Amino acid sequence: MIHQKLRLFSGTSNPPLAQSTCKHIGHPLGDLYFERFSDGEIFLQIRETIRGHDAFFIQSTSKPANANLMELLIFIDAAKRASTRNICAVIPYFGYARQDRKSAGRTPISAKLVADLITRAGATRVLTMDLHATQIQGFFDIPVDNIFAIPLFAKDIQEKNNMDDIVIVSPDVGGVVRARALASRLHVDMAIVDKRRPAPNVAKVMNIIGDVSGKHCILIDDMVDTAGTLCGAVDALLERGATKVSAYASHGVLSGPAADRLKKSNLHELVITNSILQPEKVMKTEKVRIISIAALMGEAISRIYDARSISSLYE
């Protein structure tokens, strides 16, 4: 079904996800021209009429985060100047979300800054998935729909595992709510990894809270970046008697040494979504499996356009 006043556009961060999302909706991608000047400046042109329409721009602000964010802002500005009725920034992975508070003196709250930039550029709505901190929704003065990958993960876990020996594990205290939601949906027990983070991207496992002996432990997190925390948690769980450790993460940031660490680790499998387009090095890592969020994003976009409930997608 083609919605007459709906227009979908893709940035350069993740075209395959945008194409799959459009296929689910049954609506073509809009005509958008990109060019980069020799000094790196971004130019784009919307090559179709969007006056009075609802424009959705699909763009994860993943690596290169600053360039992808700038693309998003430039599109919003172009759409606003083209008299678009509504502009929804569809950000499957919201970069800068980890900087959601002052971690020390004289440091920024970059997540708030990014929210202000998107709002001031002219966006009227934001659709994202599994924000690192849900309170980031409050940084915006426009509606924010934060959808969750947990239903997709729960279905995948049930289809591929014997549920009798499963334990859902939170990699830190901050992820307990997410882990509890998945454990409740699957009707299984939960454990927690107690860790300390002395510096960014550095974590030290301190203790395991809960019984994991003889169990298949499944770690659940919103993102995996350098994989140091994940690999440390895997070793700690195996030392406590776990028979196997898998992991599910909404966003595979997988920067720096992540691919090599995963390859050498004792992790059975890491399952991530396609919210971030992965480089060839990660795709060749046998321990990484990707599941698609195209249907989830497509359904959310359709419901926003039709003014239907979003929360019922994951209830």
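A pocket, on a 1 Å grid over the protein atoms alone, is an open set of points where a 1.4 Å probe fits, with protein on both sides within 12 Å along at least five of seven lines; its lining residues have an atom within 4 Å of a point. Keep that for the first stop.

This is a predicted model, in which local features need pLDDT of at least 70 and side-chain atom pairs count only at pLDDT 80 or more, while totals for chains, interfaces and linings use all residues. Residues are numbered from 1 along each chain as its sequence is written, and side-chain values use heavy atoms, with hydrogens and water left out.

**Stop 1: the second largest pocket**

Select S62, K63, D225, V253 and S255. Of the 29 residues that line the second largest pocket, these lie nearest its centre. The pocket holds about 530 Å³ of space. That volume is the space filled by probe spheres set on the grid points, which are joined across faces, edges and corners.

Helices here are DSSP runs of H or I, at least four residues long, and strands are runs of E, at least two long, numbered from the N terminus. Helix 2 provides the largest share of the lining, three residues.

What is the lining made of? It divides into 14 nonpolar, eleven polar and four charged residues. Ala, Val, Leu, Ile, Met, Phe, Trp, Tyr, Cys and Pro count as nonpolar; Asp, Glu, Lys and Arg as charged; the others, Gly among them, as polar.

Stay on K63. The peptide bond from K63 to P64 is cis, with omega near -5°. P64 sits in the loop between strand 4 and helix 2.

**Stop 2**

Select G52, in the loop between strand 3 (42-46) and strand 4 (54-58). Is G52 buried or partly exposed? G52 has a relative accessible area of 26%, so it is partly exposed. Buried means under 20% relative accessible area, exposed over 50%, and partly exposed in between (1.4 Å probe, protein chains only).

Show the contacts of G52, meaning heavy atoms within 4.5 Å. Leaving aside neighbours within four places in sequence, G52 touches K5, S83, T84 and R85.

Move to S83, in the loop between helix 2 and strand 5 (86-91). S83 is not a glycine, yet its phi is positive, near 65°. Most residues other than glycine have a negative phi, and most peptide bonds are trans. S83 counts as partly exposed because its relative accessibility is 32%.

**Stop 3: D130**

Go to the loop between strand 6 (125-129) and strand 7 (144-147), where D130 is placed. D130 also has a positive phi, of about 45°, although it is not a glycine. D130 counts as buried because its relative accessibility is 4%.

**Stop 4: the largest nonpolar core**

Select F56, V90, L127, I147, I168, L182 and I301. Of the 40 residues in the largest nonpolar core, these touch the most other members. Such a core is a set of buried Ala, Val, Leu, Ile, Met, Phe, Trp, Tyr and Cys residues joined through side-chain atoms within 4.5 Å. Which helix gives the most to this core? Helix 9 does, with seven residues.

Zoom in on L127. Beyond four places in sequence, its contacts include V90, I147, M297, A300, I301 and I304. Another core lies apart, of 32 residues, among them L44, L69, A121 and F139.

**Stop 5: helix 9**

Select residues 294-306. Ten of the 13 residues of helix 9 are buried, including L296, M297, I301 and Y305. At 1.5 Å for each residue after the first, helix 9 should span 18 Å, and its end C-alpha atoms are 18 Å apart, which agrees. A307 follows helix 9, with a positive phi near 60°.

**Stop 6**

Select residues 228-239, helix 6. The buried residues of helix 6 include L230, V234, A236 and L237. G241 follows helix 6, with a positive phi near 105°.

Finish on I208, in strand 10 (residues 202-209). I208 is buried because its relative accessible area is 7%. Beyond four places in sequence, I208 contacts I192, V193, A236, L237 and R240. The C-alpha atoms of I208 and V193 are 4.8 Å apart, though 15 residues separate them in sequence.
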